[in-house]
Amino acid sequence: MSKKGLFTVGKVTLVLVVAVLLQILLVSRISVLGVTADLFLILTVVIAVSRGSLEGAIFGFVAGLVADISYLGPLGVRALIYVLTGYFVGMFVSRFMVTGPWGVLMLAGASSFVAQFVFGLFQFIIGPRAAFFTVVGTQMLPGAVLDGLVAVPIYVGLVRLRLIPASHLEPSPSVGGGE
Amino acid sequence: MPRNKVVWRRAVFVVLIIASLAILTVSFRETESGPVHAIQQAGLSVLSPLQTWGARAAEPFQDGYQWIRTIWSAHQRAEELQAELQALQGEAVKLKEQAEENQRLKSLLDLKEKGTFPEGTDFEVARVTGKSPTRWEAWVQIDKGSADGIRVDLPVVGATPVAGESLAGKGLVGKVVAVTAHTAQVQLITDSESSVAAKIQGPRAEGIVEGSVSGRLIMDYVDRDLAVEPKLVIVTSGFGGIYPAAIPIGVVANVGEEDVNIYKEIEVAPFIDFRVLEEVMVLILPAEEVSVGGQPAAE
């Protein structure tokens with residue numbers, strides 16, 4: 001790996017470490033309308049938007065494992081969900097040229113909802129038969145809105161700090177780009 | 001994008017998916033002492049001090065946040081309680097009004113049951129809907145009329161809040177002087193044109209209770225020779241053809257005698273407080289009780 005590549009990995013690792021600290025120390029303790037933001041997911045989306053689907057998927061995998069350890073959940077569930085999130089967000093950005101704060105807001109909100117939905121389904125299948133659609137209304141939708149709103153300042157802040165680029169897309173994007 | 005890069009990307013993605021599924025599968029299949037659980041426990045042992053420290057560090061901030069939230073919710077709660085209080089106050093006023101109305105109607109019922117009214121007398125309870133606007137006349141308007149059997153010269157009794165088990169608060173109000181289909185006008189006994197044949201219980205002194213513009217109730221034409229003491233009860237005598245006998249009017253408040261007057265002039269304190277009269281009861285007497293030769297008797 002080149003020096004630049006190592007530097008990039010170092011920066012992304014730093015982002016992940018800070019995210020773990022922030023999530024554990026701060027974010028998980030701030031509840032808005034009964035839900036808390038998921039920094040691991042938000043950063044997976046932000047990394048996928050700024051660096052692409054591969055980096056998004058790798059970051060999602062590591063962040064998901066850390067989240068599974070932190071929340072004492074079945075190891076691998078969030079890893080799987082965040083890998084899918086990071087990969088498909090990156091693909092979506094490449095294909096539809098979605099960038100910028102508004103794009104991050106929409107992608108983070110939508111990804112958060114889908115991720116929570118899948119995780120909820122998983123819990124519903126293995127766990128007690130709770131009122132799934134009540135959770136959709138009271139937990140997933142507010143959570144998605146919150147994640148979307150929190151994602152924007154994080155994205156803008158990381159771009160300003162030059163920890164991530166604004167977008168991984170080429171300066172002169174070709175229509176229907178992607179793979 | 002170069003093809004080998006795409007392949008590499010897809011390959012990494014597939015590997016990550018397989019790794020996630022593998023970890024997940026092992027996590028479910030292995031025992032609590034298995035390697036994946038051991039990794040999770042190790043990771044948690046690294047993170048848990050952070051969580052403990054974070055909890056301690058965040059405590060003052062959480063307390064502050066909770067304090068602000070409590071203040072905000074207390075403010076909202078105060079507003080809600082204020083609205084609730086206003087609604088309850090309105091309800092309480094309404095209930096008090098209903099309770100007082102019940103009490104007054106109960107008093108009227110009491111009067112109806114304990115009073116000695118002529119055989120065949122019907123009773124019509126009516127609500128006072130208007131009062132005379134000046135002191136020159138004293139009347140009230142009620143919400144019952146000829147459609148309810150009300151006719152001119154029927155006596156009217158009432159009960160006011162001071163009513164208790166005694167006669168106080170229950171007594172003669174006046175008589176009907178005008179009737180429409182659904183309303184009637186009742187001349188009060190305090191009207192300056194009103195005169196009621198009455199007698200004083202005890203000495204049995206008879207006289208005429210008259211109203212006045214000042215609102216005072218005077219019993220005139222009482223024989224000077226008869227001893228009349230304050231607090232004696234005055235009731236209708238039944239003479240005159242309008243008011244049946246023994247309807248309480250009031251008590252002797254003051255006895256006046258003038259050398260030039262051959263009668264005592266007695267000030268009467270009425271049982272009814274006419275200022276707060278809200279319901280009355282019209283005594284619908286049998287027709288022969290009230291008319292003499294088909295005409296209303298003058299009293």
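**Reading the model together**

Modeller: Let's start with strand 9 (residues 233–236) and strand 10 (residues 248–256) of chain B, which run antiparallel and are joined by 3 bridges. This is a predicted model, where local features need pLDDT of at least 70, side-chain atom pairs count only at pLDDT 80 or more, and totals for chains, interfaces and linings use all residues. Residues are numbered from 1 along each chain as its sequence is written, while chains are lettered from A and ligands numbered from 1 in the order written.

Biologist: Which residue is the bridge partner of B:Ile234 in strand 10 of chain B?

Modeller: Strands of a sheet pair through backbone hydrogen bonds, either parallel or antiparallel. Here, B:Ile234 has B:Gly250 in strand 10 of chain B as its bridge partner. Pairing needs at least two DSSP bridges, and elements are DSSP runs numbered from the N terminus (helices: H or I, at least four residues; strands: E, at least two).

Biologist: In what order do the strands of the barrel in chain B come?

Modeller: The order is 6-7-8-11-10-9, with 6 strands closing into the barrel and antiparallel pairing. On average, neighbouring strands of this sheet are turned by 40° against each other, direction ignored.

Biologist: How do helix 3 and helix 4 of chain A pack?

Modeller: Two packed helices are described by the angle between their axes and the distance between the axes. Helix 3 (residues 53–70) and helix 4 (residues 77–96) of chain A pack at about 160°, with axes 7 Å apart. Axes are lines fitted to C-alpha atoms, for helices over the stretch in contact, with angles from 0 to 180 degrees between N-to-C directions. These two helices of chain A are therefore roughly antiparallel (under 35 degrees is roughly parallel, over 145 roughly antiparallel, 65 to 115 roughly perpendicular, the rest oblique).

Biologist: Which residues of helix 4 of chain A meet helix 1 of chain B?

Modeller: A:Val77, A:Ala79, A:Leu80, A:Val83 and A:Tyr87 do, and their partners include B:Phe13 and B:Leu16. Contact means C-beta atoms, placed from the backbone, within 7 Å.

Biologist: How many residues does each chain give to the contact?

Modeller: Chain B gives 24 residues and chain A gives 22. On the chain B side, helix 1 gives the most, with 12 residues.

Biologist: What is the mean pLDDT of chain B?

Modeller: The mean is 81, and 90% of the residues of chain B reach 70 or more; pLDDT is the predictor's confidence in each residue, from 0 to 100. Over residues 290–298 of chain B, though, pLDDT stays under 50. For the complex, the predictor gives an ipTM of 0.80 and a pTM of 0.50.

Conventions
Two residues are in contact if their C-beta atoms, placed from the backbone, lie within 7 Å.
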